[in-house]
Amino acid sequence: MGRGKIEIKKIENVNSRQVTFSKRRNRLIKKANELSFLCEVDVIVFSNTVKVYYFSSGR
């Protein structure tokens, strides 16, 4: 049994958005790293703070 569809929308509250990003950061970084490696693309992830996460395939 699959999950139901959810509406994807921007989280308007800045604090809630940062908390959600913090909770999901590790999974997001892992997926970005895998995408970079498998597809040989550069992936850039921006957070609301000044942090930027960059992944390159290195090939």
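Select Glu34 to start: this residue of the predicted model is partly exposed, with a relative accessible area of 33% (buried is under 20%, exposed over 50%, partly exposed in between, with a 1.4 Å probe and protein chains only). Residues are numbered from 1 along each chain as its sequence is written. Because the model is predicted, local features need pLDDT of at least 70 and side-chain atom pairs count only at pLDDT 80 or more, while totals for chains, interfaces and linings use all residues; side-chain values use heavy atoms, without hydrogens and water.

Lys31 and Glu34 form a salt bridge, with 3.9 Å between the closest N and O atoms (a side-chain nitrogen of Lys or Arg within 4 Å of a carboxyl oxygen of Asp or Glu). The whole structure holds 1 salt bridge. Both residues belong to helix H1, residues 14-39, and sit 3 residues apart, about one turn of the helix (helices are DSSP runs of H or I, at least four residues, numbered from the N terminus).

Next, select Lys5 in the segment before H1. Lys5 is exposed at 87% relative accessibility. Its C-alpha atom is 19 Å from that of Arg24, 19 residues apart along the chain.

Technical notes: Helices (H or I, at least four residues) and strands (E, at least two) are DSSP runs, numbered from the N terminus.
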